[in-house]
Amino acid sequence: MCMSNRVAGIVLCSKYVQTREFRKMNIPVVNLERGEDDDTISVQCDNYQGGKLAAEHLIECGCKNLLHFGGVAGKDMPADRRADGFLRVCRERGIEGEVLLSDRLSYGSMHYESYIEKGLLEHPETDGIFASSDLIAAQVLQRLYAMGK
């Protein structure tokens, strides 16, 4: 399919797709946020700086009780560095900051609703939220609306 459609290159956003076949066809591959498992080009974001920037922005907006929805309990992921940067800024500025981790079932199914609602109920003072992904952010907004907030 790649050869017949004259594909010039591939930008790969999945860590599960193998790049060997593309290399055999001399099709260049650029990986986004993927471990350096082969000789393809890889673009990584600065997750730590992203977490710092998120916390700084929320604090500049006047938030004093921050909550970060992200990561998976017991699973180290590059995005976990966002939590590290987020917490560092909270500590440095004397702001309450909490990181909540989801379970593997929520992560695998991409249904974070119960995890989000539990976090919001346990932290009613929350006035600023940083979500680790667009999917989690969308579900945070849905839960907040459903809870009348």
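Predicted model: local features only at pLDDT ≥ 70, side-chain atom pairs only at ≥ 80, totals over all residues.
Reader: What word describes how α2 and α3 lie to each other?

Author: Helix α2 covers residues 47-60, and its axis is 6 Å from that of α3. The two pack at an angle of about 40°, and the crossing is right-handed. Angles under 35 degrees would count as roughly parallel and 65 to 115 as roughly perpendicular. The two helices are therefore oblique.

Reader: And α5 with α6: what is the term for how they lie to each other?

Author: Helix α5 spans residues 113-122 and helix α6 spans residues 134-146, with axes 9 Å apart and an angle of about 60°. The crossing of this pair is right-handed. Because roughly perpendicular begins at 65 degrees, α5 and α6 are oblique.

Reader: Which residues of α6 meet α5, and how many residues of the contact are nonpolar, polar and charged?

Author: From α5 come E113, I116, E117 and L120, and they meet I136, Q139, V140, R143 and L144 in α6. By class, this contact has 5 nonpolar, 1 polar and 3 charged residues.

Reader: Now for the largest pocket: how much space lies in it, and which residues are closest to its centre?

Author: The space in the largest pocket is about 770 Å³. Its lining is made up of 26 residues, of which 12 are nonpolar, 8 polar and 6 charged. Elements giving two or more residues to that lining are β4 (65-72), α3 (80-93), α4 (104-109) and α6. Closest to the centre are K15, E33, M77, A79 and Y107.

Reader: One last thing: which residues does R104 touch, leaving out those up to four places away in sequence?

Author: R104 is found in helix α4. Its C-alpha atom is 12 Å from that of G70, a residue 34 places away along the chain. Leaving out residues up to four places away in sequence, R104 touches V72, A73, G74 and K75.

Terms used. Residues numbered from 1 in each chain as written. Heavy atoms only, no water. Axes fitted to C-alpha atoms, helices over the stretch in contact; angles between N-to-C directions. Helix = DSSP H or I, 4+ residues; strand = E, 2+ residues; numbered from the N terminus. Parallel < 35°, antiparallel > 145°, perpendicular 65-115°, else oblique. Left-handed = near helix turned anticlockwise from the far one by under 90°. Contact = heavy atoms within 4.5 Å. Nonpolar A, V, L, I, M, F, W, Y, C, P; charged D, E, K, R; others polar. 1 Å grid on protein atoms, 1.4 Å probe; cavity = no way out; pocket = protein on both sides within 12 Å on 5 of 7 lines; lining within 4 Å. Points joined across faces, edges and corners; volume = space filled by probe spheres on them.
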